[in-house]
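Here is a short report on one protein model with a ligand. Look at the structure first, then read on.

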Amino acid sequence: MLIEHHNRGIKIIDIRKARIRDRKMTYNWLYYSDFSDYLNDLGGISKEAIPSYEYYKKEEYMDFYFDDSQPDKGRAYIIVCKKNGKIEDIGIISYTSFHLLDKITEFDIWLKKLSLTGHGYGTKALLRLVETVRDLGYEKVIIRPSKHNKRAIKSYQKAGFIQEELEPKNYYLSEYIPKYSDGDYESGGDVFMVLKL
Ligand SMILES: CC(C)(COP(=O)(O)OP(=O)(O)OC[C@H]1O[C@@H](n2cnc3c(N)ncnc32)[C@H](O)[C@@H]1OP(=O)(O)O)[C@@H](O)C(=O)NCCC(=O)NCCS
């Protein structure tokens with residue numbers, strides 16, 4: 001009773017494994033939330049060019065992120081906020097490894113709406129996934145925000161990521177260098193950040 005009283009109002013940020021049934025909402029948070037115009041702009045994605053959900057399922061967040069079929073390739077987690085016995089889904093965070101050298105993985109993260117940003121939730125989720133991938137045996141995590149996305153960069157710094165000059169062959173499998181080494185933004189448009197575990 002005392003503990004319950006004491007904890008009232010405290011928010012706990014945690015992550016849980018995402019399931020196939022969670023995928024559609026993560027798509028909507030990314031492309032149709034109140035920060036999507038901003039993110040799409042950074043990524044050079046016009047309104048007409050927003051990827052379809054079919055494309056998202058086939059090319060961006062494939063089944064293995066949600067069904068435990070290929071954990072060595074990647075996995076997605078739902079960020080949850082627990083408060084007063086209630087649990088709310090507030091974002092998604094994932095690791096992806098299929099394109100990178102052994103023991104290196106890449107994170108991606110977004111919350112579900114603008115009002116949830118700036119409260120430390122994203123940073124807490126990053127720290128949770130860092131623990132998870134450390135337990136899986138990874139030694140380095142990379143993340144590549146747009147150089148204009150100051151909020152994301154600040155959050156990643158708080159989680160321990162350090163900016164580095166990218167030498168693609170030290171991170172990417174050679175066959176993926178042409179496709180991925182430039183990152184998600186125009187060449188030179190991102191900040192390459194590394195966390196050593
Ligand atoms: C990126 C994201 C996951 C970070 O999570 P978060 O919970 O917002 O991060 P935090 O609140 O821990 O940290 C953000 C920091 O940036 C600061 N910040 C916010 N806006 C800023 C701005 N315009 N310029 C500089 N710093 C800014 C905040 O004050 C905070 O720092 P503080 O703790 O020292 O005050 C979240 O903001 C998000 O989902 N954004 C939209 C989607 C996105 O950009 N995803 C990343 C794609 S790479």
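Start with Leu129. Setting aside residues up to four places away in sequence, Leu129 touches Ile15, Tyr77, Ile93, Ser94, Tyr95 and Phe107. Touching, or contact, means heavy atoms within 4.5 Å.

A word on the source. This is a predicted model, in which local features need pLDDT of at least 70, side-chain atom pairs count only at pLDDT 80 or more, and totals for chains, interfaces and linings use all residues. Residues are numbered from 1 along each chain as its sequence is written, and side-chain values use heavy atoms, with hydrogens and water left out.

**The cores**

Leu129 belongs to the largest nonpolar core, which has 29 residues. A nonpolar core is a set of buried Ala, Val, Leu, Ile, Met, Phe, Trp, Tyr and Cys residues joined through side-chain atoms within 4.5 Å. Buried means under 20% relative accessible area, exposed means over 50%, and partly exposed lies in between (1.4 Å probe, protein chains only). Ile79, Ile93, Phe107, Leu126, Leu129, Tyr156 and Phe161 touch the most other members of this core. Several elements give two or more residues to this core, among them strand E1 (12-17), strand E2 (74-83), strand E3 (86-96) and strand E5 (140-143). Helices and strands here are DSSP runs, numbered from the N terminus (helices are H or I with at least four residues, strands are E with at least two). Which element gives the most to this core? H6 does, with 6 residues. A second, separate core has 19 residues, including Trp29, Tyr31, Tyr61 and Phe66. In soluble globular proteins, nonpolar side chains tend to be buried together.

Helix H2 (residues 23-31) has its own buried residues: Arg23, Thr26, Tyr27, Trp29, Leu30 and Tyr31. What covers them includes H3, H4, helix H5 (64-67), E2, E3 and E4.

**The ligand**

Now turn to the ligand. There are 21 residues around the ligand. A residue counts as near if one of its heavy atoms lies within 4 Å. Gly120, Gly122, Thr123, Asn149 and Lys158 come nearest. The shell divides into 9 nonpolar, 8 polar and 4 charged residues. Here Ala, Val, Leu, Ile, Met, Phe, Trp, Tyr, Cys and Pro count as nonpolar, Asp, Glu, Lys and Arg as charged, and the others, Gly among them, as polar.

A polar backbone atom of Leu111 is 2.8 Å from a ligand oxygen. For Tyr121, a backbone N or O atom lies 3.3 Å from an oxygen atom of the ligand. Arg151 uses an N or O atom in its side chain, 3.3 Å from a ligand oxygen.

How much of the ligand does the protein cover? The protein covers 74% of the 950 Å² of accessible area that the ligand has on its own. Accessible areas come from the Shrake-Rupley method with a 1.4 Å probe, and for residues only the protein chains shown count as cover. Strand E4 (104-111), helix H6 (121-135) and helix H7 (150-158) each give two or more residues to the shell. H7 gives the most, with 7 residues.

**Residues in loops**

The table gives their relative accessibility.

| Residue | Relative accessibility | State |
|---|---|---|
| Ile50 | 14% | buried |
| Ser97 | 7% | buried |
| Asn149 | 10% | buried |
| Leu116 | 11% | buried |
| Asp68 | 33% | partly exposed |
| Lys103 | 35% | partly exposed |

Ile50 sits between helix H3 (36-42) and helix H4 (53-60). Beyond its neighbours within four places in sequence, Ile50 is in contact with Tyr27, Tyr31, Tyr32, Asn40 and Ile45.

Asn149 is in the loop between E5 and H7. Not counting residues up to four places away in sequence, Asn149 touches Tyr38, Leu39 and Leu42.

The loop between E4 and H6 holds Leu116.

Lys103 is not a glycine, yet has a positive phi of about 65 degrees. Asp68, in the loop between H5 and E2, has a positive phi near 65 degrees and is also a residue other than glycine.

How values were computed. Polar contact = N/O pair within 3.5 Å; in protein donor to acceptor, adjacent residues only side chain to side chain.
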